[in-house]
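I set out below what I looked up in this entry, in the order in which I looked.

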Amino acid sequence: MAKPPKRPRDMNELAVRIGKIATGELPNDPAPSATQERAAKGGEARAKKLTRRQRVAIASKGGKAAARARKKR
């Protein structure tokens, strides 16, 4: 995931930046990178290929791992 730009340290620069975001001169959220878009398409394609039994197996494996992680805390 692309990192958002760092905030300016100077308060005046920060105020100008906030004003530009508020007026629409600067976008508030960075656009998703091409890598993120391709990754999302790959996930959708994989989900379409899986059978119901495979999806259930993957979900139960994840659920068990999450339960073990909660138990360790």
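What radius of gyration does the chain have, against that of a compact globule of 73 residues? I found 21 Å for the chain, whereas a compact globule of that length would be near 11 Å. The radius is taken over C-alpha atoms, and the globule rule is 2.2 Å times the number of residues to the power 0.38.

Basis. I note that this is a predicted model, in which local features need pLDDT of at least 70 and side-chain atom pairs count only at pLDDT 80 or more, while totals for chains, interfaces and linings use all residues. Residues are numbered from 1 along each chain as its sequence is written, and side-chain values use heavy atoms, with hydrogens and water left out.

Confidence. I read a mean pLDDT of 86 for the chain, with 92% of its residues at 70 or more; pLDDT is the predictor's confidence in each residue, from 0 to 100. Where pLDDT is low, the predicted coordinates should not be read in detail.

Elements. I counted three helices and zero strands, in the order α-α-α from the N terminus. Both kinds are DSSP runs numbered from the N terminus: helices are H or I of at least four residues, strands E of at least two.

Extent and surface. The C-alpha trace spans about 55 × 35 × 15 Å along its principal axes. Of the 73 residues, 4% count as buried; buried means under 20% relative accessible area, exposed over 50%, and partly exposed in between (1.4 Å probe, protein chains only).

Helix α1. I compared its length with the expected span, 1.5 Å times one less than the number of residues. For the 13 residues of α1 (residues 11-23) this gives 18 Å, and the end C-alpha atoms are 18 Å apart, so the two agree. Just after α1, G24 takes a positive phi of about 90°. In the segment before α1 I located R9, which is exposed at a relative accessible area of 84%. The C-alpha atoms of R9 and P27 are separated by 19 Å, with the two residues 18 apart along the chain.

Helix α2. The 16 residues of α2 (residues 34-49) should span 22 Å, and the end C-alpha atoms are 23 Å apart, which agrees. How many residues of α2 are buried? The number is zero, so α2 lies largely in the open.

Helix α3. I placed S60 in α3 and found S60 partly exposed, at 34% relative accessibility. S60 and N28 are 32 residues apart along the chain, and their C-alpha atoms are separated by 38 Å.
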